[in-house]
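Here is a friendly briefing on how one protein chain packs together. Have the model open beside you as you read.

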Amino acid sequence: MTQKSESPLKPASERASKPEDFQLNSHLTTLAKIYHTLNRLNLTEDSSREDHQTGSLRSCGVSDCCTKPMPPRKKRRPAAGDDLSAKKSRHDGMYRKHEATRIKNEEVFSSKRCLEWFYEYAGNDDVVGPEGMEKFCEDIGVEPENVVMLVLAWKLDAQNMGYFTLQEWLKGMSALQCDTTEKLRNSLDYLRSVLNESSNFKLIYRYAFDFAREKDQRSLDINTAKCMLGLLLGKTWPLFPVFNQFLEQSKYKVINKDQWCNVLEFSRTINLDLSNYDEDGAWPVLLDEFVEWYKDRQMS
């Protein structure tokens, strides 16, 4: 009996499958799955590296992988409040600049303003006399007998007590950079501080003798001398009250410049108990007599 052969036109599902064919198909299916898995892993890794390098967001599908760049950042429009703040900031900056310019202009010394200031006290003269000086002291808030007025006179290099000439005023006030009452009032503490420096104090002390004496006299009358000594040494020399008493009861009517200068040296170097005073030293007779008078007074 002849065996019929299978028709090749039959569908595969109807054809009997050989064991070898089934095993081959199984291997192919497994390899396809592995390939597909590896392919997905490679795409994901490449995508991660590219995302890290470019900083863009990417998504990977099973069949495709595409890159989506980040959209451009939109500029934020300022709100109404921000706009007002910006305008206020610009306005404040312009105001501060204007104020700084105005203050700077006011701080700059003006010879014209200084001249006008001088004639407020001099009137039609070229010198500030006693009446003008009294008003001047009142305006700056200083008594005429205050030591700061002596320092001011020294700064102006004034030659006569109670008078400021136009030339002295302009030169001295220019050095002080003062052209108004307010500026000078603000400089009073500085003028007082000048006395704290030893060399300046000595210069002012020597200046005071020539400033206070009558110009036709070589010496200073005793009353004026006591006033000036009290002004300069009254608060710093503990022996001044005793020395002043000595002058009041002494025979001296005037003090010459040598005696005047030695009184300052005495006040700075001699102990309060006079224990280091050398009677054979080069002190003027005035001070020899004071030491003798003081010791006799202590013993009695």
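Contact here means heavy atoms within 4.5 Å. This is a predicted model, where local features need pLDDT of at least 70 and side-chain atom pairs count only at pLDDT 80 or more, while totals for chains, interfaces and linings use all residues. Residues are numbered from 1 along each chain as its sequence is written, and side-chain values use heavy atoms, with hydrogens and water left out.

**The chain as a whole**

- The protein chain has 13 helices and six strands; these are DSSP runs numbered from the N terminus, with helices being H or I of at least four residues and strands being E of at least two.
- Of its 300 residues, 30% count as buried. Buried means under 20% relative accessible area, exposed means over 50%, and partly exposed is in between, using a 1.4 Å probe and protein chains only.
- Among contacts between residues at least 6 apart in sequence, 61% join residues at least 24 apart.

- At least three core residues come from each of domain 1 (111-196) and domain 2 (216-299), with bounds taken from an automatic or database domain assignment.
- As general background, nonpolar side chains in soluble globular proteins tend to be buried together.

**Around helix α5**

- Val-148 lies in helix α5, and Val-148 counts as buried because its relative accessibility is 1%.
- Val-148 touches Val-142, Leu-188, Leu-191 and Arg-192, not counting residues up to four places away in sequence.
- Val-148 and Val-194 are 46 residues apart along the chain, and their C-alpha atoms are separated by 9.4 Å.
- How do α5 and helix α6 (residues 166-176) pack? Their axes are 8 Å apart and the angle is about 105°, so the two helices are roughly perpendicular. Axes are lines fitted to C-alpha atoms, for helices over the stretch in contact, and angles run from 0 to 180 degrees between N-to-C directions.
- For the angle classes, under 35 degrees counts as roughly parallel, over 145 as roughly antiparallel, 65 to 115 as roughly perpendicular and the rest as oblique.
- Leu-152, Lys-155 and Leu-156 of α5 make this contact with Glu-168, Trp-169, Gly-172, Met-173 and Leu-176 of α6.

- On the α9 side the contact uses Phe-201, Ile-204, Tyr-205, Ala-208 and Ala-212, and on the α10 side Thr-224, Met-228, Leu-229, Leu-232 and Leu-233.
- α10 and α11 pack with axes 11 Å apart at an angle of about 180°, so this pair is roughly antiparallel.
- Here Ile-222, Lys-226, Leu-229, Gly-230 and Leu-233 in α10 meet Phe-240, Phe-243, Asn-244, Leu-247 and Glu-248 in α11.
- Which residues of helix α11 (residues 240-249) are buried? They are Phe-240, Val-242, Phe-243, Asn-244, Phe-246 and Leu-247, and their cover includes α10, β6 (254-255), α12 (257-269) and α13 (285-299).
- Pro-241 is also found in α11, but Pro-241 counts as partly exposed because its relative accessibility is 45%.

**Two positive phi values**

- Most residues other than glycine have a negative phi.
- Asp-157, in the loop between α5 and β4 (164-165), has a positive phi near 55°. Asp-157 is partly exposed, with a relative accessible area of 44%.
- Leu-274, in the loop between α12 and α13, has a positive phi near 65°. Leu-274 is buried, with a relative accessible area of 1%.
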